[in-house]
Amino acid sequence: MIKSLRKKFIAISMASMGAVLAVIIIIINVSNYMSMMASVERRMTMAEMIAARDSGNVFAPDRLDGNPPDLPDRAEGTDAFGTRGHMQNRIDAESWFDTRFFTVTLNDSLAVTDVNVDNIASVDEDGAENIAGKIVQKSADAGIYSGYYYRKTADDSLNHYIICLDISREYSSFLSSLFTTVLVSLAGAAAVFLLILFFSKRVMKPVAESYEKQKRFITDASHEIKTPLAIIGANAEVLELESGENQWIDSINHQIKRLTSLTEKLVFLSKMDEEGARSGLSKAAFNISDAVSDTADSFDAVAEARGYTYEKAIAPDLTYFGDAERVQQAASLLIDNAMKYTSDGGTIRVTLAGGKRKSTKINKEKIEYTACTLCVYNTTDGLQAGSQDVLFERFYRADQSRNSKTGGHGIGLSVVRAIAEAHGGTASAVSRDGKSIEFTIKFN
(Lines give C-alpha, C1' and ligand atoms only; values in the text may rest on other atoms or scores of the structure.)
Protein backbone atom coordinates (compact mmCIF):
# COMPACT_ATOMS: atom_id res chain seq x y z
CA MET A 1 0.00 0.00 0.00
CA ILE A 2 2.74 2.47 1.00
CA LYS A 3 4.81 1.56 -2.05
CA SER A 4 1.77 2.18 -4.21
CA LEU A 5 1.23 5.60 -2.62
CA ARG A 6 4.89 6.44 -3.10
CA LYS A 7 4.71 5.50 -6.77
CA LYS A 8 1.65 7.69 -7.20
CA PHE A 9 3.38 10.57 -5.42
CA ILE A 10 6.42 10.26 -7.70
CA ALA A 11 4.25 9.91 -10.80
CA ILE A 12 2.16 13.00 -9.96
CA SER A 13 5.27 15.04 -9.12
CA MET A 14 7.02 14.07 -12.35
CA ALA A 15 3.88 14.66 -14.42
CA SER A 16 3.47 18.14 -12.93
CA MET A 17 7.12 18.99 -13.51
CA GLY A 18 6.94 17.59 -17.04
CA ALA A 19 3.93 19.76 -17.83
CA VAL A 20 5.71 22.89 -16.56
CA LEU A 21 8.89 22.07 -18.51
CA ALA A 22 6.87 21.40 -21.66
CA VAL A 23 5.20 24.81 -21.39
CA ILE A 24 8.56 26.52 -20.85
CA ILE A 25 10.13 24.70 -23.83
CA ILE A 26 7.18 25.61 -26.04
CA ILE A 27 7.24 29.28 -25.02
CA ILE A 28 11.01 29.64 -25.50
CA ASN A 29 11.15 27.90 -28.85
CA VAL A 30 8.00 29.48 -30.25
CA SER A 31 9.47 32.86 -29.30
CA ASN A 32 12.78 31.95 -30.98
CA TYR A 33 10.97 30.73 -34.08
CA MET A 34 8.88 33.89 -34.36
CA SER A 35 11.99 36.03 -33.92
CA MET A 36 13.80 34.01 -36.58
CA MET A 37 10.89 34.27 -39.01
CA ALA A 38 10.57 38.03 -38.44
CA SER A 39 14.23 38.44 -39.45
CA VAL A 40 13.80 36.07 -42.38
CA GLU A 41 10.73 37.97 -43.61
CA ARG A 42 12.65 41.24 -43.60
CA ARG A 43 15.49 39.71 -45.59
CA MET A 44 13.05 38.04 -47.97
CA THR A 45 11.48 41.44 -48.64
CA MET A 46 14.91 42.78 -49.59
CA ALA A 47 15.55 39.73 -51.77
CA GLU A 48 12.21 40.21 -53.54
CA MET A 49 13.00 43.85 -54.20
CA ILE A 50 16.41 43.02 -55.60
CA ALA A 51 14.92 40.23 -57.74
CA ALA A 52 12.18 42.57 -58.93
CA ARG A 53 14.78 45.13 -60.02
CA ASP A 54 16.90 42.54 -61.79
CA SER A 55 14.11 40.60 -63.51
CA GLY A 56 11.60 43.19 -64.56
CA ASN A 57 9.37 43.24 -61.46
CA VAL A 58 7.99 39.69 -61.77
CA PHE A 59 9.05 38.94 -58.18
CA ALA A 60 7.75 42.17 -56.64
CA PRO A 61 5.21 41.30 -53.88
CA ASP A 62 1.93 43.22 -53.74
CA ARG A 63 2.80 44.67 -50.34
CA LEU A 64 5.63 46.73 -51.92
CA ASP A 65 2.92 49.00 -53.37
CA GLY A 66 4.09 49.33 -56.92
CA ASN A 67 7.40 49.23 -58.67
CA PRO A 68 10.50 48.94 -56.47
CA PRO A 69 12.83 51.91 -56.22
CA ASP A 70 16.23 52.15 -57.79
CA LEU A 71 18.24 50.15 -55.28
CA PRO A 72 21.80 51.20 -54.41
CA ASP A 73 24.71 48.86 -54.82
CA ARG A 74 25.74 46.71 -51.88
CA ALA A 75 28.65 48.95 -51.09
CA GLU A 76 26.41 52.01 -50.81
CA GLY A 77 24.35 50.72 -47.88
CA THR A 78 20.58 50.88 -47.61
CA ASP A 79 19.66 54.53 -47.23
CA ALA A 80 17.10 54.09 -50.01
CA PHE A 81 15.01 52.00 -47.64
CA GLY A 82 14.68 54.70 -45.02
CA THR A 83 11.51 56.09 -46.57
CA ARG A 84 9.68 52.76 -46.18
CA GLY A 85 8.17 52.44 -42.71
CA HIS A 86 8.22 48.66 -42.56
CA MET A 87 11.91 48.59 -43.45
CA GLN A 88 13.21 51.56 -41.48
CA ASN A 89 15.76 50.74 -38.72
CA ARG A 90 15.51 47.04 -39.54
CA ILE A 91 17.99 46.59 -42.36
CA ASP A 92 21.54 47.81 -42.16
CA ALA A 93 24.46 47.66 -44.57
CA GLU A 94 25.38 44.14 -43.48
CA SER A 95 21.95 42.88 -44.58
CA TRP A 96 23.12 43.12 -48.18
CA PHE A 97 25.75 40.49 -47.59
CA ASP A 98 23.38 38.23 -45.58
CA THR A 99 20.75 38.27 -48.31
CA ARG A 100 21.78 35.27 -50.39
CA PHE A 101 19.10 33.93 -52.71
CA PHE A 102 18.33 32.51 -56.12
CA THR A 103 15.30 32.65 -58.37
CA VAL A 104 13.80 30.11 -60.75
CA THR A 105 11.08 30.61 -63.36
CA LEU A 106 9.03 27.67 -64.70
CA ASN A 107 6.42 27.59 -67.46
CA ASP A 108 2.95 26.06 -67.24
CA SER A 109 4.47 22.62 -67.96
CA LEU A 110 6.80 23.09 -64.97
CA ALA A 111 9.81 23.23 -67.27
CA VAL A 112 12.54 25.62 -66.08
CA THR A 113 12.83 28.68 -68.32
CA ASP A 114 15.14 30.87 -66.25
CA VAL A 115 17.56 30.46 -63.32
CA ASN A 116 19.38 33.29 -61.56
CA VAL A 117 22.08 32.37 -59.04
CA ASP A 118 23.98 35.67 -59.22
CA ASN A 119 23.15 36.46 -55.59
CA ILE A 120 24.32 33.20 -54.03
CA ALA A 121 27.55 31.19 -54.18
CA SER A 122 26.57 28.00 -52.39
CA VAL A 123 24.33 26.63 -55.13
CA ASP A 124 24.71 26.31 -58.92
CA GLU A 125 22.02 26.35 -61.60
CA ASP A 126 21.51 22.56 -61.53
CA GLY A 127 21.12 22.61 -57.77
CA ALA A 128 18.68 25.53 -57.98
CA GLU A 129 16.60 23.69 -60.61
CA ASN A 130 16.50 20.57 -58.46
CA ILE A 131 15.36 22.50 -55.38
CA ALA A 132 12.75 24.44 -57.36
CA GLY A 133 11.39 21.20 -58.81
CA LYS A 134 10.71 19.93 -55.30
CA ILE A 135 9.26 23.22 -54.07
CA VAL A 136 6.85 23.66 -56.98
CA GLN A 137 5.17 20.37 -55.99
CA LYS A 138 4.33 21.73 -52.54
CA SER A 139 0.89 23.17 -51.90
CA ALA A 140 2.07 25.99 -49.63
CA ASP A 141 3.02 29.28 -51.24
CA ALA A 142 5.73 29.87 -48.63
CA GLY A 143 7.75 27.71 -46.31
CA ILE A 144 11.10 26.21 -45.38
CA TYR A 145 12.79 23.54 -47.46
CA SER A 146 16.33 22.22 -47.17
CA GLY A 147 17.67 25.31 -45.42
CA TYR A 148 15.89 27.77 -47.73
CA TYR A 149 12.90 29.97 -47.11
CA TYR A 150 10.90 30.05 -50.32
CA ARG A 151 8.03 31.95 -51.84
CA LYS A 152 6.31 31.06 -55.07
CA THR A 153 3.77 32.84 -57.25
CA ALA A 154 2.03 32.15 -60.53
CA ASP A 155 0.77 34.59 -63.16
CA ASP A 156 -2.29 34.35 -65.39
CA SER A 157 -0.31 32.28 -67.89
CA LEU A 158 0.48 29.72 -65.17
CA ASN A 159 4.16 30.61 -65.19
CA HIS A 160 5.68 29.84 -61.79
CA TYR A 161 8.15 32.16 -60.07
CA ILE A 162 10.13 30.82 -57.13
CA ILE A 163 12.53 32.74 -54.91
CA CYS A 164 14.62 30.88 -52.34
CA LEU A 165 16.43 32.70 -49.54
CA ASP A 166 19.31 30.94 -47.79
CA ILE A 167 18.42 30.79 -44.07
CA SER A 168 20.67 27.88 -43.15
CA ARG A 169 22.45 29.90 -40.47
CA GLU A 170 19.28 31.09 -38.73
CA TYR A 171 17.57 27.71 -39.09
CA SER A 172 20.60 25.87 -37.74
CA SER A 173 20.73 28.25 -34.80
CA PHE A 174 17.04 27.68 -34.09
CA LEU A 175 17.41 23.89 -34.22
CA SER A 176 20.45 24.09 -31.97
CA SER A 177 18.49 26.16 -29.47
CA LEU A 178 15.58 23.70 -29.64
CA PHE A 179 17.88 20.74 -29.08
CA THR A 180 19.66 22.48 -26.20
CA THR A 181 16.44 23.43 -24.38
CA VAL A 182 15.04 19.92 -24.73
CA LEU A 183 18.32 18.29 -23.64
CA VAL A 184 18.72 20.61 -20.63
CA SER A 185 15.08 20.04 -19.66
CA LEU A 186 15.50 16.27 -19.84
CA ALA A 187 18.68 16.46 -17.76
CA GLY A 188 16.89 18.66 -15.22
CA ALA A 189 13.93 16.28 -15.14
CA ALA A 190 16.27 13.34 -14.52
CA ALA A 191 17.97 15.22 -11.67
CA VAL A 192 14.63 16.18 -10.11
CA PHE A 193 13.43 12.58 -10.46
CA LEU A 194 16.43 11.33 -8.50
CA LEU A 195 15.82 13.96 -5.81
CA ILE A 196 12.12 13.06 -5.57
CA LEU A 197 13.01 9.39 -5.48
CA PHE A 198 15.39 10.04 -2.59
CA PHE A 199 13.26 12.43 -0.55
CA SER A 200 9.95 10.62 -1.16
CA LYS A 201 11.07 7.98 1.33
CA ARG A 202 11.32 10.63 4.02
CA VAL A 203 8.07 12.27 2.95
CA MET A 204 6.20 8.97 3.06
CA LYS A 205 7.77 7.78 6.31
CA PRO A 206 5.15 9.42 8.60
CA VAL A 207 2.39 8.09 6.35
CA ALA A 208 3.89 4.61 6.48
CA GLU A 209 4.13 4.73 10.27
CA SER A 210 0.54 5.96 10.57
CA TYR A 211 -0.65 3.26 8.18
CA GLU A 212 1.18 0.53 10.08
CA LYS A 213 -0.33 1.74 13.36
CA GLN A 214 -3.79 1.79 11.82
CA LYS A 215 -3.36 -1.70 10.39
CA ARG A 216 -2.04 -2.99 13.70
CA PHE A 217 -4.93 -1.37 15.54
CA ILE A 218 -7.51 -3.01 13.26
CA THR A 219 -5.90 -6.42 13.67
CA ASP A 220 -5.51 -6.09 17.44
CA ALA A 221 -9.00 -4.63 17.87
CA SER A 222 -10.56 -7.45 15.86
CA HIS A 223 -8.94 -10.03 18.12
CA GLU A 224 -9.97 -8.11 21.24
CA ILE A 225 -13.55 -7.86 19.99
CA LYS A 226 -13.82 -11.52 19.01
CA THR A 227 -13.15 -12.73 22.56
CA PRO A 228 -15.95 -10.78 24.30
CA LEU A 229 -18.28 -11.58 21.39
CA ALA A 230 -17.63 -15.28 21.89
CA ILE A 231 -18.30 -14.91 25.62
CA ILE A 232 -21.49 -12.92 25.03
CA GLY A 233 -22.64 -15.53 22.52
CA ALA A 234 -21.98 -18.36 24.97
CA ASN A 235 -23.83 -16.51 27.75
CA ALA A 236 -26.74 -15.88 25.41
CA GLU A 237 -26.93 -19.60 24.65
CA VAL A 238 -26.97 -20.39 28.40
CA LEU A 239 -29.74 -17.86 28.95
CA GLU A 240 -31.69 -19.33 26.07
CA LEU A 241 -31.37 -22.82 27.58
CA GLU A 242 -32.55 -21.61 30.96
CA SER A 243 -35.34 -19.24 30.00
CA GLY A 244 -36.13 -20.25 26.42
CA GLU A 245 -36.18 -18.06 23.34
CA ASN A 246 -37.23 -14.43 23.66
CA GLN A 247 -36.80 -11.18 21.76
CA TRP A 248 -33.95 -9.95 23.96
CA ILE A 249 -31.81 -13.02 23.35
CA ASP A 250 -32.63 -12.88 19.64
CA SER A 251 -31.53 -9.24 19.57
CA ILE A 252 -28.27 -10.13 21.32
CA ASN A 253 -27.54 -12.90 18.81
CA HIS A 254 -28.36 -10.58 15.92
CA GLN A 255 -25.97 -7.91 17.16
CA ILE A 256 -23.27 -10.52 17.75
CA LYS A 257 -23.56 -11.58 14.10
CA ARG A 258 -23.35 -7.96 12.94
CA LEU A 259 -20.21 -7.23 14.96
CA THR A 260 -18.62 -10.52 13.92
CA SER A 261 -19.31 -9.72 10.25
CA LEU A 262 -17.91 -6.20 10.68
CA THR A 263 -14.67 -7.36 12.30
CA GLU A 264 -14.18 -10.02 9.64
CA LYS A 265 -14.59 -7.44 6.88
CA LEU A 266 -12.20 -5.01 8.57
CA VAL A 267 -9.56 -7.70 8.93
CA PHE A 268 -10.10 -8.71 5.30
CA LEU A 269 -9.66 -5.13 4.07
CA SER A 270 -6.55 -4.74 6.20
CA LYS A 271 -5.05 -7.83 4.59
CA MET A 272 -6.03 -6.72 1.10
CA ASP A 273 -4.30 -3.38 1.67
CA GLU A 274 -1.02 -5.11 2.40
CA GLU A 275 1.55 -5.54 -0.35
CA GLY A 276 1.18 -8.82 -2.17
CA ALA A 277 -2.61 -9.00 -1.65
CA ARG A 278 -3.02 -10.57 -5.08
CA SER A 279 -0.53 -13.30 -4.32
CA GLY A 280 -2.40 -13.96 -1.07
CA LEU A 281 -5.47 -15.07 -3.01
CA SER A 282 -6.10 -18.75 -3.55
CA LYS A 283 -6.19 -18.57 -7.31
CA ALA A 284 -7.28 -21.45 -9.51
CA ALA A 285 -9.30 -21.99 -12.67
CA PHE A 286 -13.01 -22.39 -11.90
CA ASN A 287 -16.40 -22.09 -13.57
CA ILE A 288 -17.37 -18.54 -12.71
CA SER A 289 -20.78 -18.97 -14.34
CA ASP A 290 -21.71 -21.70 -11.87
CA ALA A 291 -20.22 -19.75 -8.95
CA VAL A 292 -22.22 -16.59 -9.69
CA SER A 293 -25.35 -18.56 -10.58
CA ASP A 294 -25.26 -20.46 -7.27
CA THR A 295 -24.79 -17.22 -5.36
CA ALA A 296 -27.61 -15.49 -7.22
CA ASP A 297 -29.97 -18.44 -6.77
CA SER A 298 -29.53 -18.29 -3.00
CA PHE A 299 -31.37 -14.93 -3.01
CA ASP A 300 -34.46 -16.22 -4.84
CA ALA A 301 -36.47 -16.66 -1.65
CA VAL A 302 -35.52 -13.20 -0.36
CA ALA A 303 -36.53 -11.52 -3.63
CA GLU A 304 -39.83 -13.39 -3.73
CA ALA A 305 -40.63 -12.58 -0.09
CA ARG A 306 -40.03 -8.87 -0.69
CA GLY A 307 -41.95 -8.75 -3.96
CA TYR A 308 -39.02 -7.88 -6.20
CA THR A 309 -38.69 -8.74 -9.87
CA TYR A 310 -35.49 -10.77 -9.85
CA GLU A 311 -33.80 -11.33 -13.23
CA LYS A 312 -30.62 -13.24 -14.01
CA ALA A 313 -28.68 -13.24 -17.27
CA ILE A 314 -25.55 -15.29 -16.66
CA ALA A 315 -23.46 -16.44 -19.61
CA PRO A 316 -22.88 -20.21 -19.32
CA ASP A 317 -19.62 -22.12 -19.02
CA LEU A 318 -17.26 -19.20 -18.44
CA THR A 319 -13.91 -20.18 -16.95
CA TYR A 320 -12.03 -17.66 -14.84
CA PHE A 321 -8.68 -17.79 -13.05
CA GLY A 322 -8.99 -16.35 -9.57
CA ASP A 323 -10.17 -16.93 -6.01
CA ALA A 324 -13.59 -18.56 -6.37
CA GLU A 325 -14.54 -17.89 -2.73
CA ARG A 326 -13.73 -14.19 -2.99
CA VAL A 327 -15.53 -13.85 -6.34
CA GLN A 328 -18.63 -15.43 -4.77
CA GLN A 329 -18.25 -13.10 -1.78
CA ALA A 330 -18.20 -10.06 -4.08
CA ALA A 331 -21.28 -11.26 -5.97
CA SER A 332 -23.08 -12.01 -2.69
CA LEU A 333 -22.31 -8.57 -1.27
CA LEU A 334 -23.55 -6.80 -4.39
CA ILE A 335 -26.77 -8.80 -4.59
CA ASP A 336 -27.35 -8.42 -0.83
CA ASN A 337 -26.84 -4.67 -1.22
CA ALA A 338 -29.44 -4.65 -4.01
CA MET A 339 -31.89 -6.60 -1.85
CA LYS A 340 -31.51 -4.02 0.92
CA TYR A 341 -31.94 -0.88 -1.13
CA THR A 342 -34.29 -1.80 -4.00
CA SER A 343 -37.46 0.27 -4.02
CA ASP A 344 -40.76 -1.44 -3.17
CA GLY A 345 -41.86 -3.68 -6.02
CA GLY A 346 -38.65 -2.86 -7.85
CA THR A 347 -36.38 -4.81 -10.15
CA ILE A 348 -33.03 -6.50 -9.56
CA ARG A 349 -30.99 -7.82 -12.46
CA VAL A 350 -27.77 -9.85 -12.21
CA THR A 351 -25.66 -10.10 -15.38
CA LEU A 352 -22.42 -11.96 -16.06
CA ALA A 353 -20.77 -11.55 -19.46
CA GLY A 354 -17.53 -12.85 -20.88
CA GLY A 355 -14.81 -10.69 -22.42
CA LYS A 356 -11.35 -11.25 -23.87
CA ARG A 357 -9.70 -14.62 -23.80
CA LYS A 358 -6.55 -14.60 -21.66
CA SER A 359 -3.94 -17.03 -20.46
CA THR A 360 -1.43 -17.40 -17.64
CA LYS A 361 1.26 -19.86 -16.65
CA ILE A 362 1.28 -21.65 -13.30
CA ASN A 363 4.14 -24.08 -12.72
CA LYS A 364 4.84 -24.06 -16.46
CA GLU A 365 1.24 -25.05 -17.13
CA LYS A 366 -0.68 -22.74 -19.45
CA ILE A 367 -4.15 -21.89 -18.16
CA GLU A 368 -6.65 -20.18 -20.44
CA TYR A 369 -9.56 -18.20 -19.04
CA THR A 370 -12.02 -15.44 -19.87
CA ALA A 371 -12.08 -11.93 -18.48
CA CYS A 372 -15.57 -11.36 -17.10
CA THR A 373 -17.87 -8.49 -16.19
CA LEU A 374 -20.40 -8.85 -13.38
CA CYS A 375 -23.21 -6.28 -13.19
CA VAL A 376 -25.90 -5.94 -10.54
CA TYR A 377 -28.71 -3.52 -11.38
CA ASN A 378 -31.54 -2.45 -9.10
CA THR A 379 -34.16 0.26 -8.97
CA THR A 380 -33.92 2.61 -6.02
CA ASP A 381 -34.90 6.08 -4.82
CA GLY A 382 -33.12 9.29 -3.90
CA LEU A 383 -30.06 9.14 -6.17
CA GLN A 384 -28.51 11.74 -8.41
CA ALA A 385 -27.74 10.72 -11.96
CA GLY A 386 -24.06 10.14 -12.60
CA SER A 387 -21.15 8.31 -11.03
CA GLN A 388 -21.78 6.76 -7.61
CA ASP A 389 -18.24 5.48 -6.98
CA VAL A 390 -18.26 7.26 -3.61
CA LEU A 391 -20.38 4.35 -2.34
CA PHE A 392 -17.23 2.21 -2.36
CA GLU A 393 -15.62 4.41 0.30
CA ARG A 394 -15.38 2.80 3.72
CA PHE A 395 -18.22 3.61 6.11
CA TYR A 396 -19.84 5.91 3.56
CA ARG A 397 -23.58 6.14 4.01
CA ALA A 398 -25.73 7.97 1.51
CA ASP A 399 -28.81 7.69 3.76
CA GLN A 400 -28.14 7.33 7.48
CA SER A 401 -31.70 6.42 8.44
CA ARG A 402 -32.03 3.83 5.75
CA ASN A 403 -28.72 2.20 6.63
CA SER A 404 -29.82 1.89 10.23
CA LYS A 405 -32.97 0.10 9.10
CA THR A 406 -31.17 -2.29 6.76
CA GLY A 407 -28.33 -2.95 9.18
CA GLY A 408 -25.55 -1.92 6.81
CA HIS A 409 -22.10 -0.94 8.03
CA GLY A 410 -21.08 0.99 4.95
CA ILE A 411 -18.14 -1.35 4.39
CA GLY A 412 -19.47 -4.18 2.23
CA LEU A 413 -18.92 -2.31 -1.04
CA SER A 414 -15.37 -1.49 0.06
CA VAL A 415 -14.78 -5.23 0.27
CA VAL A 416 -16.22 -5.62 -3.23
CA ARG A 417 -13.79 -3.06 -4.62
CA ALA A 418 -10.85 -4.66 -2.79
CA ILE A 419 -11.72 -8.06 -4.28
CA ALA A 420 -12.03 -6.59 -7.78
CA GLU A 421 -8.68 -4.78 -7.54
CA ALA A 422 -7.01 -7.88 -6.09
CA HIS A 423 -8.03 -9.67 -9.31
CA GLY A 424 -6.56 -6.88 -11.43
CA GLY A 425 -9.99 -5.42 -12.17
CA THR A 426 -12.13 -2.45 -11.25
CA ALA A 427 -15.40 -1.72 -9.48
CA SER A 428 -17.71 1.13 -10.43
CA ALA A 429 -21.24 2.33 -9.80
CA VAL A 430 -23.43 4.61 -11.89
CA SER A 431 -26.98 5.90 -11.84
CA ARG A 432 -28.14 6.78 -15.34
CA ASP A 433 -31.57 8.17 -14.47
CA GLY A 434 -31.54 8.84 -10.71
CA LYS A 435 -34.07 6.02 -10.24
CA SER A 436 -31.76 3.03 -10.57
CA ILE A 437 -28.15 2.09 -9.97
CA GLU A 438 -25.81 -0.41 -11.59
CA PHE A 439 -22.71 -1.83 -9.94
CA THR A 440 -20.09 -3.25 -12.29
CA ILE A 441 -17.10 -5.43 -11.47
CA LYS A 442 -14.55 -6.22 -14.14
CA PHE A 443 -12.51 -9.34 -13.41
CA ASN A 444 -9.42 -9.20 -15.66
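Me: What makes strand β4 (residues 148–154) mostly covered?
Reply: Buried means under 20% relative accessible area, with exposed over 50% and partly exposed in between (1.4 Å probe, protein chains only). In β4, 5 of its 7 residues are buried, so the strand counts as mostly covered. As for the word strand, it is a DSSP run of E with at least two residues, while a helix is a run of H or I with at least four, both numbered from the N terminus.

Me: Good to know! What kind of model is this, and how are residues numbered?
Reply: It is a predicted model, where local features need pLDDT of at least 70, side-chain atom pairs count only at pLDDT 80 or more, and totals for chains, interfaces and linings use all residues. Residues are numbered from 1 along each chain as its sequence is written, and side-chain values use heavy atoms, leaving out hydrogens and water.

Me: Why are β3 and β4 called paired?
Reply: Two strands pair if DSSP finds at least two bridges between them. Strand β3 (residues 142–145) and β4 are joined by 4 bridges, so they pair, running antiparallel. Ala142 stands opposite Arg151 in β4.

Me: And how do you know that β4 pairs with β5?
Reply: By the bridge count again: β4 and strand β5 (residues 160–166) share 7 bridges in the antiparallel sense. Ala154 has His160 in β5 as its bridge partner.

Me: Which residues have a positive phi in the two hairpins?
Reply: Between β3 and β4 there are 2 residues, and Ser146 in the turn has a positive phi of about 55°. The hairpin of β4 and β5 has 5 residues between the strands, with Leu158 at a positive phi near 65°.
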